[in-house]
Amino acid sequence: MTSSLERRKALYGNDLACYERMVEIREFEKITNALFAAGSIRGTTHLAVGQEALALGMASTLQPTDVVAGTYRSHAIALALGLTPHSVLGEIMGKATGCCGGVGGSMHMCDTSVGLLPTSAIIGGGMPIAAGAGLAFQVQKSKNVGVALFGDGATNIGAFHESLNLAAIWKLPVVFVCDNNVYGEYSRIDKTTPIEDLHKRAESYAMPHMAIDGMDIHAVRKGIGEAVERARSGGGPTLVEAKTYRFSGHSRADQALYRPEGELEKWQKRDPLLVTEQDLIARKLVTQEKIDQIKSTMESDLAALAKKVENDPEPQLSAMFSNIWTPAKAGK
Ligand SMILES: Cc1ncc(C[n+]2csc(CCOP(=O)(O)OP(=O)(O)O)c2C)c(N)n1
Ligand SMILES: [Mg+2]
């Protein structure tokens, strides 16, 4: 079976592999949505349809020894970093085969072999953790980088400002990646936030910042790559704002009926899959027939996987008491 690390390494320098992983994410999210609607998933799910280029651009820029602190909307980044569809879907469906043994669910993914720190449902929760990881790397004199991935709404949270301030004053090797998908929980950004260009908030912390086109994997790689390089070489943190769009609703059955007419359609013209397909075809790295084949194979492979995972074992009751840290145990 392919490991998370092997799946991660397959991405480096391979644009077609990155595209295939983007298709995997898109089809994965479709199946997750269908399973949720059918009642096969407990709790909730937050899809990242439309945000695939950001996930792949980031994953193919970072090393597996770097760490990423993500949010409840992390299926895409988990798959991009290398987690297998089985371990991610297993987790979402609460099965023992999931990356956290099925006790975490959709919002709580983790796989340290590829640097995915436990994802958090607390808005802004990942930022101090990424800054803390950056501090650890700095103290250890390692060349690793901590990355926080968070939404536009999260830039209004105190932890955002505290983390940026601390990272800036201590020049921590951290990259703050804001996934500006235009919406918070159900509110459009202009209803909650007085500025449009969130990356400018870094100016208060004398921190380098930039906006990137989050629908284009090359732009993501270039921007995040530059920020990662700065952090790795001792130049301190950067705030990168990726302009994306949430193609789905916020979570569960939200159909996002509050969106202005035509907005989704406008962004769909820049669908990250479409943008990548056009690029790969222009560079003669793929044909339309091959694209169609990749999509249909992925769809049927994931449908077969979903059937398999439905029959995977549930966690044992004792799983509730495993992975619990106590000072007494730690001292032994
Ligand atoms: C501290 C905290 N406050 C409020 C919430 C409820 N909540 C869940 S998602 C969300 C909106 C976050 O929007 P954004 O940061 O843009 O992320 P997106 O959902 O778009 O990925 C809110 C307010 C929460 N989970 N944590
Ligand atoms: Mg958002």
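This is a predicted model: local features need pLDDT of at least 70, side-chain atom pairs count only at pLDDT 80 or more; totals for chains, interfaces and linings use all residues.
**Sheet, ligand shell and a helix pair**

Reader: How many bridges join strand 1 to strand 2?
Author: Three, and strand 2 (residues 146-151) runs parallel to strand 1. Strands (E, at least two residues) and helices (H or I, at least four) are DSSP runs, numbered from the N terminus. Strands pair if DSSP finds at least two bridges between them. Ala69 stands opposite Ala148 in strand 2.

Reader: What order do the five strands have?
Author: 1-2-3-5-4, in an open sheet with parallel pairing. Strand 1 (67-69) and strand 4 (209-213) stand at the edges with a single partner strand each, so one side of each lacks a neighbour in the sheet.

Reader: Switching to ligand 1. Which residues come nearest?
Author: Ile123, Gly151, Gly153, Gly184 and Glu185, out of 16 around ligand 1. Around means a C-beta atom, placed from the backbone, within 6 Å.

Reader: And helix 3 against helix 9, how do they cross?
Author: At roughly 45°, with the axes of helix 3 (residues 52-59) and helix 9 (residues 217-232) coming within 8 Å. Axes are lines fitted to C-alpha atoms over the stretch in contact, and angles run from 0 to 180 degrees between N-to-C directions.

Reader: Which residues of helix 9 make the contact?
Author: Ile217, Val220, Arg221 and Ile224, meeting Ala53, Leu54, Leu56, Gly57 and Met58 of helix 3. Contact means C-beta atoms, placed from the backbone, within 7 Å.

Methods
Residues are numbered from 1 along each chain as its sequence is written. Chains are lettered from A and ligands numbered from 1 in the order in which they are written. Two residues are in contact if their C-beta atoms, placed from the backbone, lie within 7 Å.
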